[in-house]
Amino acid sequence: MKKLWTLFSSSFYLSTFTFGGGYVIVPLLRKKFVEDLNWIEENEMMDLVAIAQSSPGSLAVNATILIGYKIDGVRGALITTLGTVLPPLILLSIISYFYVAFKQNIYINAALGAMAAGVAAVVIDVVIKMYKNVMQDKRNDSLIIMVLVFIAGYFLNINIILIILTVIAYGVFITLKERRK
């Protein structure tokens, strides 16, 4: 029961104080479940985030579902889902009730602008940490792929599905090539 309460309270707390989308919650989940609680290994966390990212839906919800399932099966997944979706549900219900007052309040607009800057800093931190983990394999092709994907998506506006399929094909090709050795 204590483990379930820790899963719920951790996911509820992180979801309550995370603004800016799924990528912002990833380092907080990592700190809580990898560093503080030692329930998940670093490599497992990277794998869970990759699976959550490639699944349809919210990255934050997907990641907490996978973490909950890894830690305590279906019960853990249900508890972390509840803990993750309740805070935004409550907050959005309150905001929608007071929408007109919030929309015109200069202090709230200033606070939201400040939060956007904080979100940008957290996202940059996530990118740097994930880059370091990817580069641990000492393969130059990982760096080249990351740069090419960024260029293709951001500057050339190539459809993300085409980019993903191309990277998958490359990964299959490299895996088959390495197995032949």
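**Exercise 1. Overall layout**

Among contacts in the protein between residues at least 6 apart in sequence, what percentage join residues at least 24 apart?

Solution. 
- The model is a predicted one.
- Of the contacts between residues at least 6 apart in sequence, 54% join residues at least 24 apart.
- The C-alpha trace spans about 60 × 45 × 25 Å along its principal axes.
- Of the 181 residues, 25% count as buried.

**Exercise 2. Helix 2 against helix 4**

Determine how helix 2 and helix 4 are oriented to each other, and which residues meet.

Solution. 
- Start with the axes: those of helix 2 (residues 22-36) and helix 4 (residues 59-97) come within 8 Å and cross at roughly 25 degrees.
- Angles under 35 degrees count as roughly parallel, so helix 2 is roughly parallel to helix 4.
- The crossing of helix 2 with helix 4 is right-handed.
- On the helix 2 side, the residues in contact are Gly 22, Tyr 23, Ile 25, Val 26, Leu 29 and Phe 33. On the helix 4 side they are Leu 59, Ala 60, Ala 63, Thr 64, Ile 67 and Ile 71.
- Sorted by class, this contact has 10 nonpolar, two polar and no charged residues.

**Exercise 3. The largest nonpolar core**

Find which elements give two or more residues to the largest nonpolar core, and trace the contacts of Leu 29.

Solution. 
- The largest nonpolar core has 18 residues. Leu 29, Phe 33, Ile 40, Met 45, Ile 67 and Ile 71 have the most contacts inside it.
- Two or more residues of this core come from each of helix 1 (2-16), helix 2, helix 3 (42-54) and helix 4.
- Now take Leu 29. With its neighbours within four places in sequence set aside, Leu 29 is in contact with Leu 14, Val 34, Met 45, Ala 63, Thr 64 and Ile 67.
- As a general point, nonpolar side chains tend to be buried together in soluble globular proteins.

**Exercise 4. Asn 140**

Is Asn 140 buried or exposed?

Solution. 
- Locate the residue: Asn 140 lies in helix 7 (residues 140-155).
- Apply the cut-off: a residue over 50% relative accessible area is exposed. Asn 140 has 58% relative accessibility, so Asn 140 counts as exposed.
- As a distance check, Asn 140 and Ile 168 are 28 residues apart in sequence. From C-alpha to C-alpha, Asn 140 and Ile 168 are 17 Å apart in space.

Technical notes
Residues numbered from 1 in each chain as written. Predicted model: local features only at pLDDT ≥ 70, side-chain atom pairs only at ≥ 80, totals over all residues. Heavy atoms only, no water. Axes fitted to C-alpha atoms, helices over the stretch in contact; angles between N-to-C directions. Helix = DSSP H or I, 4+ residues; strand = E, 2+ residues; numbered from the N terminus. Parallel < 35°, antiparallel > 145°, perpendicular 65-115°, else oblique. Left-handed = near helix turned anticlockwise from the far one by under 90°. Contact = heavy atoms within 4.5 Å. Nonpolar A, V, L, I, M, F, W, Y, C, P; charged D, E, K, R; others polar. Core = buried A, V, L, I, M, F, W, Y, C linked by side-chain atoms within 4.5 Å. Buried < 20%, exposed > 50% of the residue type's maximum accessible area, 1.4 Å probe, protein only.
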